[in-house]
Amino acid sequence: MFRIFRKALWPSRSDSLSQSFSSLGWLGFWMQLAVGAIPLALVIYALAFRRDPALGTRAGFPLIEYLSIAGLLVLAFTALWSFRYTRLAVRLTDPVRRPARTAVQRTVWTGVKASTLGIVLSMLVMLFEVVQLLIYFLRTPQAGVPVIQTTGGPASWVSAADIAGLLALLLIMFAEVIVLVFSLWLLFRTTLPSVEFPEIDEI
């Protein structure tokens, strides 16, 4: 067991960097594709069956929608970037087309920055959503939780879509955290000797 962890944390010169890029790239790509399908379906449902924008708990606060769309775009970018890792793995196996170690590290740094941006966007949206729901519940009678609030202004409600939206944001952030871990691991791997870059003193 200790040998497995030691091999993972400190690979030898005979370990292939391209294999690490290929396996983690495909894993990150398919994971983000599966996780990204859930919020995408929720967004399509919300746009297709949109009710009166003056009603509901999120009314009058479009910043949440903009940040949510930006988070989805970042998720799509990081999914494509994970796919790019798999293409980079193919180039690493070819001595003629193999990029320099610094170019490989720049590519991984882009993935690290994009994943970090996705995490920050998801955290901001979740923060705004939870604060908005908290304010909504503080305005309601504290004896219970009404399904529909009709007093003190226009009707508003908390529905399962609000909770589903938070769940989708959590899934997006989970995927971005995993991809960030993958990217940081690949960045660390590029600093170690490998079959493709046996000499660590190149950079």
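**Exercise 1.** Is Ser-122 buried or exposed?

*Solution.* This is a predicted model, in which local features need pLDDT of at least 70 and side-chain atom pairs count only at pLDDT 80 or more, while totals for chains, interfaces and linings use all residues. Residues are numbered from 1 along each chain as its sequence is written, and side-chain values use heavy atoms, with hydrogens and water left out.

Begin with the location: Ser-122 lies in helix 4, where a helix is a DSSP run of H or I with at least four residues, numbered from the N terminus. Next, take the cut-offs: buried means under 20% relative accessible area, exposed over 50%, and partly exposed in between, with a 1.4 Å probe and protein chains only. Ser-122 has a relative accessibility of 2%, so Ser-122 counts as buried.

**Exercise 2.** Which residues is Ser-122 in contact with, leaving aside its neighbours within four places in sequence?

*Solution.* Contact means heavy atoms within 4.5 Å. By that rule, Ser-122 is in contact with Leu-169, Ile-172 and Met-173.

**Exercise 3.** Describe the largest nonpolar core and the place of Val-108 in that core.

*Solution.* A nonpolar core is a set of buried Ala, Val, Leu, Ile, Met, Phe, Trp, Tyr and Cys residues joined through side-chain atoms within 4.5 Å. The largest one has 27 residues, and Val-108 is among those that touch the most other members, together with Phe-21, Tyr-85, Leu-92, Val-104 and Leu-186. Two or more residues come from each of helix 2 (17-48), helix 3 (62-93), helix 4 (101-139) and helix 5 (160-189). Not counting residues up to four places away in sequence, Val-108 touches Phe-21, Tyr-85, Ser-183, Leu-186 and Leu-187.
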